[in-house]
2 protein chains.
Amino acid sequence: MIRIGCVQSNPIFGDIKANLIQFEKFVTEADADIIIFPELAFTGYFFTSAEEAKKIAEPLDGLLIKKIKQIAKENNIAIVTGFLEKENGLLYNSAIAIDPHGELAGHYRKVHLFYYEKVVFAPGNLGFPVFEIEVRSGEKIKLGVLICYDWRFPEAARSLAIKGADIITIPSNIVTTTGMLLETLKVRAFENKVVIAFSDRVGTEKSVIEGKTEELLFRGGSCIINYNGDVLSIDSSQGESITYADVLLCEVRSKNINKFNNIITDRQAEIYFT
Amino acid sequence: MIRIGCVQSNPIFGDIKANLIQFEKFVTEADADIIIFPELAFTGYFFTSAEEAKKIAEPLDGLLIKKIKQIAKENNIAIVTGFLEKENGLLYNSAIAIDPHGELAGHYRKVHLFYYEKVVFAPGNLGFPVFEIEVRSGEKIKLGVLICYDWRFPEAARSLAIKGADIITIPSNIVTTTGMLLETLKVRAFENKVVIAFSDRVGTEKSVIEGKTEELLFRGGSCIINYNGDVLSIDSSQGESITYADVLLCEVRSKNINKFNNIITDRQAEIYFT
């Protein structure tokens, strides 16, 4: 049994110091094997130029990530979180997974960029990696990460499921109002027989674009969804919180649905997209 | 504006003659530009050996298809229907699209085989074709077909959307009770910005397998779903019916969702499934 906690936070735009204090409070409070934070959890979201974002971006071996590792170790907890990454002059909308010993277990850069992210970030160049984390109970999880707008692309979650992900974590800053978010997350879990852990931020941010102010409202709705599409827990408020659920990984590790059918081996990969 | 009719019928197992009479009644009654019938609409479903199914399978140029074409022409209506096809000694779980002039417009053989279909049918070898039909109003539809269990595979609907399908028709004989069917169909429409026309049969069939009788209950729930996930109409009864909806194809032909994003061109095909 794995206890997952999805953090719904409200980072302050541009204030890494304040956001790191808030981050540590959540980690200290959390009662879980693994805890997931939203996208760009230390900087806020609504950058409209790379120049602006570069000022507070962090390298993977920088001080911010060192501090996150230290907090994970001190609290003996696995952490997945989004952060604003810089490397070789490029910016990435990234996420890392840290194990309970404070070691880097996984690294993902957002593949599908949304809205002004296209003028700020380079598209992710690490593919869709699946990595193993041993949580504090000793149980090993195979973990994948998607970030926000990746949710719309069935190929993204599918790529992780094919590689054996048990849990797909989705740090997010959702601003769209399609009405189909929760249903799509349920289907991503169901069609791949995986657990979905969706951590979405709340609050608002403003930016001035070509002389006009645009405000984004972040939607919250952080949730944990079981392999069969059942919503195990959800925070539908606009407040900060940690949403918890316990999941059994044995359930996701067989993709059989009857004596003839297996939803992964039944794929006919050579026929798709041709 | 295109008027779609989804037939929810209850074919009699093994009785092509009776099912064809029923078929013609539905077509004559239908008030639509295009009408969709379920999977294996002329033979019934629950074959457990190829020998049994071969006896009533029909070639694409056989009498059954000639009769279907004639009925389409006489009623000036486009028709999509499932049928049990034989060719070169193999059986396929197939569907055809006939235009209002009675001409063959498209042909699909089910790619993902479910349950005992694996011992009866060969897997589809025509890929996921998209074909154009001019309906009686003169409007042209780009049409794709999936059959039943194909619904579970996001790659299948996606393959059709990438090729420009406006409407994905899904002749079906659903027997599973996952609780996620309607949600998944909604997401298939939403994630691809296409209309889904789902025609599912009702009734029951029995078969004796290794001395034990197994009964299948077909679930109905025929429905038409708009590009944004809205269920335009649904028959949730266990009765026979035609479910209608009017759709605007201009809505599905732009895949843009804002000034930066397009849900098809934003795909990063070289990264998936690697």
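Helices (H or I, at least four residues) and strands (E, at least two) are DSSP runs, numbered from the N terminus. This is a predicted model, where local features need pLDDT of at least 70 and side-chain atom pairs count only at pLDDT 80 or more, while totals for chains, interfaces and linings use all residues; side-chain values use heavy atoms, without hydrogens and water. Residues are numbered from 1 along each chain as its sequence is written, and chains are lettered from A and ligands numbered from 1 in the order in which they are written.

**Stop 1: Ala50(B)**

Select Ala50(B). It sits in helix α2 (residues 50-54) of chain B. Ala50(B) is buried, at a relative accessible area of 14%. Buried means under 20% relative accessible area, exposed over 50%, and partly exposed in between (1.4 Å probe, protein chains only). Now show its contacts, meaning heavy atoms within 4.5 Å. Leaving out residues up to four places away in sequence, Ala50(B) touches Leu91(B), Val119(B) and Val120(B).

**Stop 2: Thr81(B)**

Go to strand β3 (residues 78-87) of chain B and pick Thr81(B). Is Thr81(B) buried or exposed? Its relative accessibility is 1%, so Thr81(B) counts as buried. Its contacts, again without residues up to four places away in sequence, include Phe23(B), Phe37(B), Phe42(B) and Ile68(B). Ser94(B), Ala95(B) and Ile96(B) are also among them.

**Stop 3: two salt bridges in chain B**

Stay in chain B and select Arg109(B) and Glu85(B). Their side chains meet in a salt bridge (2.8 Å, N to O). A salt bridge is a side-chain nitrogen of Lys or Arg within 4 Å of a carboxyl oxygen of Asp or Glu. Arg109(B) lies in strand β5 (residues 104-109) and Glu85(B) in strand β3 of chain B, so the pair ties together parts 24 residues apart in sequence. Arg109(B) is buried at 3% relative accessibility. Glu85(B) is buried too, with a relative accessible area of 2%.

Next, pick Asp31(B) and Arg3(B). This salt bridge spans 3.8 Å, N to O. Asp31(B) is in the loop between α1 (16-29) and β2 (34-36) of chain B, and Arg3(B) is in strand β1 (residues 2-8) of chain B, so the pair ties together parts 28 residues apart in sequence. Asp31(B) is partly exposed at 46% relative accessibility. Arg3(B) is partly exposed, at 26%.

**Stop 4: helix α3 of chain A**

Switch to chain A and select residues 63-75. This is helix α3, with 13 residues. Which of its residues are buried? They are Leu64(A), Ile65(A), Ile68(A), Ile71(A) and Ala72(A). Look down the axis of α3(A): the buried residues fall within an arc of 120°, so they line one face of the helix. That arc is taken from the directions from the helix axis to the C-beta atoms. The buried residues pack against α1 (16-29), β3 (78-87) and β4 (90-98) of chain A. On the other side of α3(A), Leu63(A), Lys66(A) and Lys73(A) are exposed. Just after the helix, Asn76(A) takes a positive phi of about 50°.

**Stop 5: helix α6 of chain A**

Select Glu191(A) and Arg188(A). Their side chains form a salt bridge (2.8 Å, N to O). They are three residues apart in helix α6 of chain A, so about one helical turn separates them. Both Glu191(A) and Arg188(A) are buried. Finish on Leu182(A), in helix α6 (residues 181-192) of chain A. Leu182(A) is partly exposed, at 34% relative accessibility.

Definitions and conventions: Expected span 1.5 Å × (residues − 1).
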